[in-house]
Amino acid sequence: MKKKVVMLLFVISVQIFAQKIFMDKPKIDERIELLSIVFRLAESEEYSTTFFKSYTDAIHQHFEPYKKHELIEFVKKIREKNGIGFDAVMKMAIYIDKDLKPLVKFNDIIPEERWGKENAENFLSLLQKFYIDAKCKVFFENNEPLYVNIKEKFLPIYEKLDLGWYHTFYGKEPKEKFTIVIGAGNGGGNYGPSINYANGEKEVYAIMGVWKTDSSGMAEFNLNEYFPTLLHEFNHSFVNYLLEKYKHTLKNSGEKIFDAVKNEMLNQAYTNWEIMFNEALVRASVIKYMKDQHFSQSEIDTEIGEQLRRGFLWINELVLELENYDKQRTIYPTLESYMPKLVDAYKTYTTNIDNYTNEYDKKRPKVISINEFKNGDINVDARIKKITINFDRPLFGKGSSISEGEKGEEAFPKFGKIKYSEDKNSLILEVELHSNKEYQFTLTGRSFKSQEKISIKDYLIEFKT
């Protein structure tokens with residue numbers, strides 16, 4: 001009995017040791033916060049959200065006097081000229097040390113080609129000055145209790161992750177260190193940048209935004225929303241190198257499938273078939289993990305539905321292929337050894353991609369009419385107090401989220417209550433309109449789904465009063 005207990009403790013300690021080697025506990029990273037704050041002050045839309053209002057209010061209270069700082073003016077200029085934003089900001093953050101100096105030598109593509117060597121170096125010089133001028137150290141010290149609270153609240157997400165699964169499933173250890181950072185000021189933005197150090201080591205980051213708060217206004221981390229994102233980012237460490245080895249044999253299938261789902265991929269900034277391939281395999285691996293870890297069928301179906309909505313229409317078949325691999329581990333000890341089978345599978349997906357598209361489209365809920373006017377009307381009565389949108393089948397959930405159209409906030413109506421009809425075949429929107437004004441809004445697949453959780457195709461509604 002004593003021997004068994006000792007062995008059990010040894011196994012547990014090995015698992016904990018492995019977890020610590022490849023992934024420390026989630027943290028708040030001052031570099032991430034600083035860059036997020038700088039681009040918020042420069043009025044970058046993606047860094048200007050107020051989901052975590054108590055924190056973003058604190059940012060504005062402290063930093064508002066420094067909005068005209070030469071750093072902020074410089075950022076506005078290079079952002080407009082070079083399109084520096086989103087992931088380029090976070091890449092810069094992980095390429096600098098705590099003293100705001102480069103961790104590796106900058107060139108025209110490091111930390112990222114949108115920066116360029118000259119802009120990157122000028123930015124760091126101004127950033128070091130801004131850190132002192134704007135009393136950044138004081139801000140971070142004052143918010144340390146908040147950061148501690150955030151890290152503690154995120155801990156259950158981290159603790160749920162079974163790193164042992166990755167070694168077992170892929171048949172190899174990760175070569176990279178994986179670092180989880182909570183971007184308190186990043187809103188809904190999640191990023192997965194990585195850095196290659198001069199000594200050959202690589203660090204992969206999962207930078208998770210804060211897009212929900214509880215009744216007290218404190219950051220809240222919903223397991224169903226955050227956990228798949230963590231799984232996703234860590235899978236990339238095991239998947240991305242496979243494409244490089246099989247790029248030539250996958251190219252024909254990849255290009256044809258990408259062409260069929262190009263719009264959906266481009267909407268997610270997946271600009272080529274290689275990115276699409278890595279994303280598909282990562283997402284299928286997340287679903288395989290969920291199955292192996294005995295997630296509920298409802299959770300698994302939700303994840304599958306989300307990937308179908310995003311355009312990965314072969315995701316079910318790809319998951320089945322991963323299950324076939326896992327059943328033949330004596331023949332295929334690693335996923336890499338199974339790659340020729342995946343190459344063949346992708347040839348089948350290429351042949352069937354039109355069928356996948358047509359079948360999924362048939363299952364999508366569709367808008368069939370609007371009671372108060374026709375979509376595109378230019379003479380809508382501004383006195384109407386509701387808009388009733390009818391679908392060809394009942395919808396699931398509450399459907400409370402509606403997005404702006406291409407014309408943005410200026411054309412977005414002022415909505416009141418949003419609800420479904422009793423039979424859930426209609427969406428009823430309370431609305432306040434003004435005369436002689438153009439309006440536009442979008443019903444998105446993220447929010448509006450059938451009872452089987454099949455998403456609608458994003459549907460733009462526009463009219464003029």
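## Accessibility and basis of the model

A residue is called buried under 20% relative accessible area, exposed over 50% and partly exposed in between, with a 1.4 Å probe and protein chains only. At 22% relative accessibility, T49 therefore counts as partly exposed.

The model is predicted: local features need pLDDT of at least 70 and side-chain atom pairs count only at pLDDT 80 or more, whereas totals for chains, interfaces and linings use all residues. Residues are numbered from 1 along each chain as its sequence is written, and side-chain values use heavy atoms, with hydrogens and water left out.

## The sheet

Helices (H or I, at least four residues) and strands (E, at least two) are DSSP runs, numbered from the N terminus; two strands pair if DSSP finds at least two bridges between them. Three strands make up an open sheet of mixed pairing, ordered β1-β3-β2. Because β1 (177-183) and β2 (194-196) stand at the edges with a single partner strand each, one side of each has no neighbour in the sheet. From one strand to the next, the twist averages 20°.

β2 and β3 (residues 202-209) run antiparallel and are joined by three bridges. I195 stands opposite E203 in β3.

## Helices on the sheet

Axes are lines fitted to C-alpha atoms, for helices over the stretch in contact (heavy atoms within 4.5 Å); angles run from 0 to 180 degrees between N-to-C directions. Helix α8 (residues 144-160) lies across β1 and β3 and runs at about 135° to β1. Helix α10 (residues 223-260) also packs on the sheet, where α10 touches β1 and β3 and makes an angle of about 165° with the direction of β3.

## Nonpolar cores

A nonpolar core is a set of buried Ala, Val, Leu, Ile, Met, Phe, Trp, Tyr and Cys residues joined through side-chain atoms within 4.5 Å. The largest has 125 residues, of which F123, F130, I150 and W314 touch the most other members. Its largest share, twelve residues, comes from α10.

Leaving aside residues up to four places away in sequence, I150 touches I28, F52, I182, A184, M218, A219 and F221. A second, separate core of 24 residues includes I402, F415, V431 and I456.

## Two loop residues

T49 lies in the loop between α2 (30-41) and α3 (53-63). Beyond residues up to four places away in sequence, T49 touches R40, T56, N186, G187 and G188. T49 and G185 are 136 residues apart along the chain, with their C-alpha atoms separated by 8.1 Å.

I331 is placed in the loop between α14 (315-326) and α15 (335-363) and, at 56% relative accessibility, counts as exposed. From C-alpha to C-alpha, I331 and G185 are 48 Å apart in space, and they are 146 residues apart in sequence.
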